[in-house]
Amino acid sequence: MHHDDILQLDRHVPSTRRAASDQHHSPLLIVLTLLATLGVLLYASFLLNPNNRGDLVPWLVVVLAEGVLVVHTLLAMWTVLSGTKDPRTYAYWAARDSLLVRRGQEPASRWELSLRGRRPGVEVFVTVYGEPVETVRRTATAALAIHGEHRTWILDDGRSDEIRDLAEELGCLYLRRLSNTGAKAGNINHALSIAKGDFFCIFDADFVPHPEFIEHTLPFFTDDTVAFVQTPQTYGNLSNLISRGAGYMQTMFYRFVQPGRNHFNAAFCVGTNVMFRRSAVHEIGGICVDSKSEDVWTSLRLHERGWRSIYLAKSLAVGDAPETVEAYTKQQLRWATGGFEIWFRANPFSPRRRLTPDQRIMYGITSTHYLTGIVPGALLFVPPMEIFFDLRPVNLTVGVGQWLLMYAGFYLLQVALAFFSVGSFRWEVLMLAAVSYPIYLKALVNALVGREQQWHVTGSTTRTASPFNFMVPQVLTFVFLALTGAVGVWQNLVTGRFTLGTAWCVTNALVLGAFIVVALGESRRNRRAVRSARRSPPPTRTVDPPVPVAVPRPRHRPDRVARQVLDGGRA
């Protein structure tokens, strides 16, 4: 029997059907994870074997740096292997079957909700802080069209009259504050003082929700202990090296790590694409405003109060990854600072924290995760020690083949695992992982000294600066490694002996050079955009005094517009 490419049997095409039927924890993934774990253990034993130890300084640098990577990798493997249980129980499916009550010919966004015989109130918040109007329009329109009766609010901390007019045009409720106190968390808490629904959803301005968002998340709340349901961040703008690298860096976390954290009741909120139980947030005094990572802090406080979190590994909103060096740097700096702040200000292993042992370990991983981004920076300077001072981390009795076998057992199996999870090899991810150490080092210092970091959101309308303003350490390191690599090549030619130090130094210089090439391309695009903007007349804009505004929903509903946008999909 031959296949028929024209016959349409259901809503799927082969690629979407393959994705829908994908088994995240296939036997091959489990075997690969076990092999990678074995590779990590063998590499650790190789490094710590006294017979292999080289000169003290480079050996200590390598052992400390690789030790951080080994510990985090082993814990990641443990988490991944724990995430085989689907959080959707019989009670979930029963609640979902009776969730929506149709109302004749009314659009699905007006269908009544029923949860355990009650009619729950659901608020949908779209948080805005300077994003382009069209970006907000796309998200707000999709939020209005979510199935099930709900109210959609635009929470505008940018205090933009264009956004206010947009809310009135679409039929959203609109809120703005007198100040930006508490940043995004303060914005949501302000809204909670006015919107009194039993549950509320949060979407960043650039995350377009799926119409079935409430259908998939609300049934979990039949369990009275569930505080929030988190869904993945999926990106739709993987159009350049930065956005692809930043987007695919999150794939492993959302596909395997967060599901594994369900097993320990330690899945945490990521700030968007999430539904909260209002009473749970009320019990801890609102969304946490003490950190830029308000999502993780809020999750930690809820877990301390005994609440349960759910991570549903189903893409229910599509957003934008950072597309520029500046946006990527600021995003990672904010995330990493928030992570380190947990370690310094709310050490999960402190006896004052009321967490379970499993949750302590999981939050310990979260608070130290970005150390894995700092240590590659330390390893960059090991090859120059060999070239300039003849200092090596392993002694000369260790052959290249033996070292390569152990090294490949660790790193190549990690790459293979990433390849299997993503479906392809993404060198952009390796590039960003190798060059981001100055960002995470700065975040560590910020958290240590309590330095405030200015709030920034992905996709804001502020003018884009030169990417080189944010990568001075990377440029200086590239120059140093390029010159050192040249010295190493000259030494190899003179002595007639190939050294691993030279090979690694040249490789590291090439990786940093690739990042600089990416920045040069971005800089050229910025200059063209500036020249184009200068040729266009500036837009006129009137600014009213910043007063709280609540725009009531007009009688008409623009459902036709919502459906048009959703049917057309995202650009």
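Which residues form a nonpolar patch on the surface? Select Trp-343, Phe-344, Phe-349, Val-445, Leu-448 and Val-449, which together make up this patch and have about 550 Å² of accessible area between them. A patch is made of residues with over 30% relative accessible area and no salt bridge, where like charges are joined within 9 Å and nonpolar side chains (Val, Leu, Ile, Met, Phe, Trp, Tyr) within 5 Å. Accessible areas come from the Shrake-Rupley method with a 1.4 Å probe, and for residues only the protein chains shown count as cover.

Before going on, note that this is a predicted model, in which local features need pLDDT of at least 70 and side-chain atom pairs count only at pLDDT 80 or more, while totals for chains, interfaces and linings use all residues. Residues are numbered from 1 along each chain as its sequence is written, and side-chain values use heavy atoms, with hydrogens and water left out.

**The whole chain**

Show the protein as a cartoon, and you will be looking at 22 helices and 12 strands; helices (H or I, at least four residues) and strands (E, at least two) are DSSP runs, numbered from the N terminus. The accessible surface of the protein comes to about 27,300 Å², and 61% of that belongs to carbon and sulfur atoms. Of the 571 residues, 50% are buried, where buried means under 20% relative accessible area, exposed means over 50%, and partly exposed lies in between (1.4 Å probe, protein chains only). Among contacts (heavy atoms within 4.5 Å) with a separation of 6 or more, 81% are between residues 24 or more positions apart.

Return to the nonpolar patch, to which α13 (325-345) and α19 (437-449) each give two or more residues. Helix α19 gives the most, with three residues. Now pick Val-445, which has its place in helix α19 and counts as partly exposed because its relative accessibility is 36%.

**Into the interior**

Next, hide the surface and select Val-122, Ile-154, Leu-218, Phe-221 and Met-275, which touch the most other members among the 40 residues of the largest nonpolar core. Such a core is a set of buried Ala, Val, Leu, Ile, Met, Phe, Trp, Tyr and Cys residues joined through side-chain atoms within 4.5 Å. Several elements give two or more residues to this core, including α4 (90-97), β3 (122-128), α5 (133-144) and β6 (199-204). Apart from this core lies another, of 28 residues, among them Ala-246, Phe-340, Met-431 and Phe-515.

Stay with Val-122 and leave aside its neighbours within four places in sequence: the residues in contact with Val-122 then include Leu-113, Arg-151, Phe-199, Cys-201 and Met-275.

For another view of covered residues, select helix α15 (residues 371-379), where seven of the nine residues are buried. The buried ones in α15 are Thr-372, Gly-373, Ile-374, Val-375, Pro-376, Gly-377 and Leu-379.

**A loop residue and its partner**

Now move to Arg-116, which is found in the loop between β2 (112-113) and β3 and counts as exposed because its relative accessibility is 56%. Which residues does Arg-116 touch, not counting those up to four places away in sequence? They are Thr-222 and Asp-224. Arg-116 and Thr-222 are 106 residues apart in sequence, and their C-alpha atoms are 6.9 Å apart in space. Zoom in to find the backbone oxygen of Thr-222, which lies 2.9 Å from a polar atom of the side chain of Arg-116.

**Salt bridges**

Finally, colour the charged side chains and look for salt bridges, each being a side-chain nitrogen of Lys or Arg within 4 Å of a carboxyl oxygen of Asp or Glu; by this rule the count comes to 23.

Begin with Glu-123 and Arg-151, whose closest N and O atoms are 2.9 Å apart. This pair links distant parts of the chain, with Glu-123 in strand β3 and Arg-151 in strand β4 (residues 151-156), 28 residues apart. Glu-123 is buried, because its relative accessible area is 4%, whereas Arg-151 is partly exposed at 33%.

Then select Arg-137 and Glu-134, which form a salt bridge with closest N and O atoms 3.4 Å apart. Both lie in helix α5, three residues apart, about one turn of the helix. Arg-137 is partly exposed at 23% relative accessibility, while Glu-134 counts as exposed at 52%.

As a last stop, select Asp-161, Arg-164, Asp-165 and Arg-176, which are linked in a network of salt bridges.

How values were computed: A polar contact is a pair of N or O atoms within 3.5 Å; within protein, one must be able to donate a hydrogen and the other to accept it, and residues adjacent in sequence count only if both atoms are side-chain atoms.
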